[in-house]
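Good morning, colleagues. Please keep the display in view while I speak, and hold your remarks until the end.

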Amino acid sequence: MTTVLVADDDADVRDVVVFKLEQSGYDVLVAEDGATALAMARSAMPDIAVLDVMMPRMTGLDVCRELRAAEATAAIPVILLTARAQESDVEGGFDWGADDYLTKPFSPRELASRVRAVLARSRR
């Protein structure tokens, strides 16, 4: 089964994301902050990570950068979630190594579609 790591400090957003991804057939690992997400990614090696940008202890951007820096986790695709929708924010997310960037508020259905698309691209 495909495993998705979801990290978001907002319980309401996290619950919606987890519900939709589980409903779509994914096994979901959950973290409430960036440091926990990074530790989980290193130990569980998920197929993809969905990371909120603004989290305590470590931002999603920092987690993405750390994943890209280590050979063992460099290939894990990353989708960033954020309320920051300025063009420079999106560009920055891609510069840090994100595979996709979704601004809040977002459609859970769109997120599930983006997870499928990023996974399909990463498996080619």
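**Charged pairs and a buried strand**

Let me begin with arginine 114, which is partly exposed at a relative accessible area of 23%. In this classification, buried means under 20% relative accessible area, exposed means over 50%, and partly exposed lies in between, with a 1.4 Å probe and protein chains only.

A word on the basis of what follows. This is a predicted model, in which local features need pLDDT of at least 70 and side-chain atom pairs count only at pLDDT 80 or more, while totals for chains, interfaces and linings use all residues. Residues are numbered from 1 along each chain as its sequence is written, and side-chain values use heavy atoms, with hydrogens and water left out.

Which residue meets arginine 114 in a salt bridge? The partner is aspartate 100, with N and O 2.8 Å apart. By salt bridge I mean a side-chain nitrogen of Lys or Arg within 4 Å of a carboxyl oxygen of Asp or Glu. The pair links distant parts of the chain, since arginine 114 belongs to helix H5 and aspartate 100 to strand E5, 14 residues apart. Helices (H or I, at least four residues) and strands (E, at least two) are DSSP runs, numbered from the N terminus.

Aspartate 100, for its part, counts as buried at 12% relative accessibility. Its side chain also makes a polar contact of 2.8 Å with that of arginine 114. A polar contact is a pair of N or O atoms within 3.5 Å; within protein, one must be able to donate a hydrogen and the other to accept it, and residues adjacent in sequence count only if both atoms are side-chain atoms. Leaving aside residues up to four places away in sequence, aspartate 100 touches Val78, Ile79, Leu80, Phe94, Arg114 and Val118, where contact means heavy atoms within 4.5 Å.

I turn now to the sheet. Its 5 strands form an open sheet in the order E2-E1-E3-E4-E5, with parallel pairing. From one strand to the next, the twist averages 20 degrees. Two strands pair if DSSP finds at least two bridges between them. Axes are lines fitted to C-alpha atoms, for helices over the stretch in contact, and angles run from 0 to 180 degrees between N-to-C directions.

H5 lies across E1, E3, E4 and E5, and runs at about 175 degrees to E5.

Is strand E3 buried or exposed? In E3 (residues 48-52), 5 of the 5 residues are buried, so the strand is largely enclosed by the rest of the structure. Ile48, Val50 and Asp52 point one way, and Ala49 and Leu51 the other way.

What joins E3 to its neighbours? Strand E1 (residues 3-7) runs parallel to E3 and is joined to it by 4 bridges, with alanine 7 opposite leucine 51. E3 also pairs in the parallel sense with strand E4 (residues 78-82), again over 4 bridges. Here valine 78 is the bridge partner of alanine 49, and leucine 81 stands opposite aspartate 52. E3, helix H3 (residues 60-69) and E4 make a right-handed β-α-β unit; right-handed means that, with the strands pointing away from the viewer, the path from the first strand over the helix to the second runs clockwise.

I close with the remaining charged pairs. Side chains of opposite charge can pair when their charged atoms come close. The count of salt bridges comes to 10. One of them joins aspartate 52 and lysine 104, at 3.1 Å from N to O. Aspartate 52 lies in strand E3 and lysine 104 in the loop between strand E5 (100-103) and helix H5 (108-122), so the pair ties together parts 52 residues apart in sequence. Aspartate 52 is buried at 4% relative accessibility, whereas lysine 104 is partly exposed at 22%.

Aspartate 99 forms a salt bridge with arginine 68, the closest N and O atoms being 2.7 Å apart. This pair connects the loop between helix H4 (87-95) and E5, where aspartate 99 lies, to arginine 68 in helix H3, 31 residues away. Finally, Arg42, Asp62, Arg65 and Glu66 are linked in a network of salt bridges.
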